[in-house]
Amino acid sequence: MRHCLAAFFIICIAGPGLAEEQGITLDDTAISLGFTAPFPQEDYTPPPRYRFGGAAVEPRFRLSVSADEERRAAYASAGFDASFGEVRIGRPSSILDVGPLPGGAPGVPQTLRALADEAALNETLGAGVRVAARTGPVSFGTSFHSIEQSGASVLGFAGRYDLNTVPALDNIAVYGGAESDGDEDRFRLGTEMTRGIATAGVDVLRSNEDEGRTLSQVYLGLAVTPNVSLGLSGLRDTLVASDTTDTRFGLGASIATQGGAFIRGGVDGVTSDDPAFGLSVGFEF
């Protein structure tokens, strides 16, 4: 694992065309590592933009590596950003992980991963594609991944609608997403509201795994400065098979610099016997 991470750092430093999709994430001893290059330099020149059919596009290459105890996952995708959205081909993250859906409380680790992320950690995630677009207040996207060593695949959809017409709020969004591998289905549905420095959200995540699992979550984010945000979440996790319910509280923080560097970290399950700690460090350019 140490040699793997060392090789990844060398690739990121030596390859000025790489772009970052993830930072470093620790979730129940899980580490996710990803960097964006080029790093800031005095003579830095923005990447070229090309025009196809009147639309300017910007080529991108993204790479990330993650580990969960003895499991490791890697993502690599090539594609482009354009005025309508983005296209990624190769081994991109799920649309439920990177896409139109809100990220939740700043710095608080996710309790339920996307199916594509679980397959990557199990080293069974194959090639795929992710497409995300935006038109006016509507954001939407889809992702598709093959599963190696089987004929299965993971298909995901996500959408978001932003309302800017509520006088008492700066913005209110409703969103939803679904993902399936043909055996297990996962859904997320919720709403997020923003006013001033505060962002609050309420959502429900459901899975049909082990007869059913439902996560009901509320979260709050505070942008105390333009570069510093704090996060607080409360989550109720219900398992149908065992008829048990677990209540978890999360705390987190996110710090970003004007140069593009960021650090995010927190804990999910502050009062739990098995808290999940998270840490994310990286660069965005």
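## Salt bridges

Arg-88 and Asp-81 form a salt bridge, with their closest N and O atoms 2.6 Å apart. The model is a predicted one. Arg-88 is buried, at a relative accessible area of 0%. Asp-81 has 19% relative accessibility; buried means under 20%, so Asp-81 also counts as buried.

Arg-130 and Glu-86 meet in another salt bridge, at 3.0 Å from N to O. This pair links distant parts of the chain. Arg-130 sits in strand E8 (residues 125–135) and Glu-86 in strand E7 (residues 85–91), 44 residues apart. Arg-130 is buried, with a relative accessible area of 0%. Glu-86 counts as buried too, at 14%. Asp-81, Glu-86, Arg-88 and Arg-130 are linked in a network of salt bridges.

## A pair between E16 and E17

Asp-268 forms a salt bridge with Arg-248. Their closest N and O atoms are 3.4 Å apart. Asp-268 belongs to strand E17 (residues 261–268), and Arg-248 to strand E16 (residues 244–256). A search of the whole structure finds 13 salt bridges.

## Two hairpins

Strand E11 (residues 171–180) pairs with E12 in the antiparallel sense, over 10 bridges. Ile-172 stands opposite Met-193 in E12. The two strands form a hairpin with 4 residues between them. In the turn, Gly-182 has a positive phi of about 90°.

E12 also pairs with E13, again antiparallel and over 10 bridges. Here the hairpin has 2 residues between the strands. Gly-196 takes a positive phi near 60°. Arg-188 stands opposite Leu-205 in E13.

## The cavity

How many cavities of 30 Å³ or more does a search of the whole structure find? It finds 1. The volume of the largest cavity is about 340 Å³. Its lining has 25 residues; Gln-110, Thr-111, Leu-112, Arg-188 and Leu-205 lie nearest the centre. Strands E12 (185–195), E13 (198–207), E14 (213–225) and E15 (228–239) each give two or more residues to this lining.

What is the lining made of, in nonpolar, polar and charged residues? The lining residues divide into 13 nonpolar, 6 polar and 6 charged.

## Leu-115

Leu-115 lies in helix H2 (residues 115–121). Is Leu-115 buried or exposed? Its relative accessibility is 6%, so it counts as buried. Leaving aside residues up to four places away in sequence, Leu-115 touches Val-154, Glu-179, Ser-180, Asp-181, Glu-184 and Arg-186. Leu-115 and Asp-97 are 18 residues apart in sequence. In space they are 9.6 Å apart, C-alpha to C-alpha.

Conventions: Residues are numbered from 1 along each chain as its sequence is written. This is a predicted model: local features need pLDDT of at least 70, side-chain atom pairs count only at pLDDT 80 or more; totals for chains, interfaces and linings use all residues. Side-chain values use heavy atoms; hydrogens and water are left out. On a 1 Å grid over the protein atoms alone, a cavity is a set of points where a 1.4 Å probe fits but cannot get out, and a pocket is an open set with protein on both sides within 12 Å along at least five of seven lines; lining residues have an atom within 4 Å of a point. Grid points are joined across faces, edges and corners, and a volume is the space filled by probe spheres set on the points. Ala, Val, Leu, Ile, Met, Phe, Trp, Tyr, Cys and Pro count as nonpolar, Asp, Glu, Lys and Arg as charged, and the others, Gly among them, as polar. Two strands pair if DSSP finds at least two bridges between them. Buried means under 20% relative accessible area, exposed over 50%, partly exposed in between (1.4 Å probe, protein chains only). Contact means heavy atoms within 4.5 Å. A salt bridge is a side-chain nitrogen of Lys or Arg within 4 Å of a carboxyl oxygen of Asp or Glu.
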